[in-house]
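Please keep the sequence and the coordinates at hand while reading.

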Amino acid sequence: MKILVVGCGNVGYTIAETLNREGHNITVIDSDEEKVRTLANRLDVAAIGGNGASYSVLQEGGIEDCDVLVATTGQDEINMLCCLIARRAGKCRTIARVRNPDYYSEIDSLQESLGIDLVINPESSAAESCYQLLWAPGATYVDSFAQGKVLVVTVRLPENSTWVRKSLNEINRSCRAQFLIAVVERKGESFVPNGFSVIQEGDQLSLLVDKANLNLVLRSMGVVFKPVRNVLIGGCGTMGYYLAKRLLKERFNVKIIEPNLNRCNDLSEKLPDATVVHGSFNNELILQEEGIGDMDAVAALSGNDSDNIVLSLYANKVTNAKLITRINKMTMGGVLSEIPIGAIVSPKALTAEYILRYARAISSDDSDSRMEAMHFLADGKIEALSFTVYADSPLVGVQFKSLRLRKGVLFGAIIRGKSVIIPSGADAIRTGDLVVVLTEHTGTRKIRDVLA
């Protein structure tokens with residue numbers, strides 16, 4: 001496919017890099033010519049310096065025969081205008097990053113009038129990820145397939161867990177709930193395990209589990225439960241606002257510490273049920289006065305990575321609270337995974353993930369299957385994918401034990417109607433099933449790609 005990416009920030013760079021690696025024809029546009037030159041040299045893609053909202057610049061980028069335009073600049077208005085021009089200039093699909101809550105509240109009408117195929121609000125998506133993390137004890141990552149029927153949850157194995165030195169087969173026999181250990185991360189390495197793989201102390205595990213069975217599985221692992229009711233948000237920009245609004249709706253107690261006075265006044269007006277405090281969220285005296293020691297969860301959500309890390313490190317020292325840390329530099333995730341700052345959430349990484357999933361899904365033919373969701377695990381080394389399987393798929397009707405699969409591939413779950421099945425070797429895929437697959441191979445577009 002020919003894909004035009006407007007905006008060469010972290011998100012644009014990641015999208016261009018990944019799609020270029022998967023064999024697509026990529027052209028990038030940015031008004032910062034130095035960024036354009038850097039990206040072109042590193043990725044060996046076509047690059048144009050100029051305003052992506054200019055028709056002549058989009059023409060130079062080949063908009064007339066482009067398949068997809070992705071607008072990820074830092075300005076919502078520019079992104080929406082790019083999509084409008086692209087839709088009128090050619091027949092390509094359009095994707096826009098839109099962050100402003102005022103625009104997002106009217107996004108359905110904007111999307112229809114501007115002809116935007118996919119709108120992504122990174123702050124809203126990241127806030128929802130934070131919310132899911134707050135009710136999943138011990139989890140550093142939570143996401144879902146099939147409208148929440150199946151969860152993918154990443155948890156660090158607790159000390160003295162009864163799972164240590166047991167094989168996956170032994171663990172599955174000892175736990176009454178259906179679940180699957182899908183990924184094991186150990187000493188910087190990650191792999192998709194099999195039934196004979198043995199769990200070791202310090203492992204980080206990604207599980208596929210029916211939402212109704214999550215607590216039972218975590219108890220079996222040895223995770224200590226602590227209900228979350230009191231939440232402190234340090235630095236409350238757009239992402240913090242979305243999270244606070246969601247928490248207040250569910251009757252959580254929310255306290256916000258925000259250094260910008262005008263922002264405090266705005267939050268007090270929009271979130272009257274929250275306690276809003278003006279001050280530095282990295283001031284030890286303020287944190288103590290505002291009862292950080294009594295908090296069940298602390299979310300460091302400012303736009304400054306260093307400030308967020310400092311708050312989470314301090315909270316880890318003085319509380320047993322659940323920690324969530326916003327990180328904007330996507331390249332830092334692997335480095336920070338060993339530091340005690342809790343769950344890491346990146347709006348930019350989520351944006352890149354959604355856009356990559358959409359582009360990959362529309363680039364595959366529909367004769368075999370349709371990709372429904374894609375999540376990156378183990379710092380992007382392993383992909384968790386879900387597909388709706390069609391009658392023409394060579395996998396339909398064949399027992400899993402008879403399939404010849406590529407190494408590093410695991411079938412995680414089958415969603416069949418209202419039922420969630422953790423498959424055994426005797427199970428087989430039926431037409432219309434939603435199937436979750438774990439793979440160490442990047443670039444999978446159709447379910448038949450898992451075959452050897």
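Which residues are exposed on the other side of α6? The model considered here is a predicted one, and in it D108, E112 and S113 are the exposed residues on that side of the helix. The helix α6 itself spans residues 107-114, and its buried residues are I107, L110 and L114. These three cover an arc of only 65° around the axis, and they therefore lie on the same side of α6. Just after the helix, G115 adopts a positive phi of about 70°.

The largest nonpolar core comprises 55 residues, and the members that touch the most others are W163, I181, L205, I233, L243, V254 and I256. Helix α10 (residues 238-249) contributes the largest share of this core, with seven residues. The surroundings of I256 illustrate the packing: leaving aside residues up to four places away in sequence, I256 touches I233, C236, A244, L267, L271, A274, T275, V276 and V277. Another core lies apart from this one; it has 39 residues, including A359, V409, F411 and I447.

T154 is located in strand β8, which runs over residues 150-156. Is T154 buried or exposed? Its relative accessibility is 5%, and because buried means under 20%, T154 counts as buried. The side chain of T154 makes a polar contact of 2.8 Å with the side chain of S206. With residues up to four places away in sequence not counted, T154 touches G138, A139, T140, Y141, E185, Q204, L205 and S206. One of these, L205, is also named among the residues that touch the most other members of the largest nonpolar core.

Finally, the second largest pocket has a volume of about 600 Å³. What lines this pocket? Its lining consists of 27 residues, and those nearest its centre are S124, S125, E128, Q132 and Y354. At least two lining residues each come from α7 (122-134), β7 (139-145), α10, α15 (347-363), β18 (369-377) and β19 (382-389). Of the contributing elements, α7 gives the most, with six residues.

How values were computed: Residues are numbered from 1 along each chain as its sequence is written. This is a predicted model: local features need pLDDT of at least 70, side-chain atom pairs count only at pLDDT 80 or more; totals for chains, interfaces and linings use all residues. Side-chain values use heavy atoms; hydrogens and water are left out. A nonpolar core is a set of buried Ala, Val, Leu, Ile, Met, Phe, Trp, Tyr and Cys residues joined through side-chain atoms within 4.5 Å. Buried means under 20% relative accessible area, exposed over 50%, partly exposed in between (1.4 Å probe, protein chains only). Helices (H or I, at least four residues) and strands (E, at least two) are DSSP runs, numbered from the N terminus. Contact means heavy atoms within 4.5 Å. The arc is that of the directions from the helix axis to the C-beta atoms. A polar contact is a pair of N or O atoms within 3.5 Å; within protein, one must be able to donate a hydrogen and the other to accept it, and residues adjacent in sequence count only if both atoms are side-chain atoms. On a 1 Å grid over the protein atoms alone, a cavity is a set of points where a 1.4 Å probe fits but cannot get out, and a pocket is an open set with protein on both sides within 12 Å along at least five of seven lines; lining residues have an atom within 4 Å of a point. Grid points are joined across faces, edges and corners, and a volume is the space filled by probe spheres set on the points.
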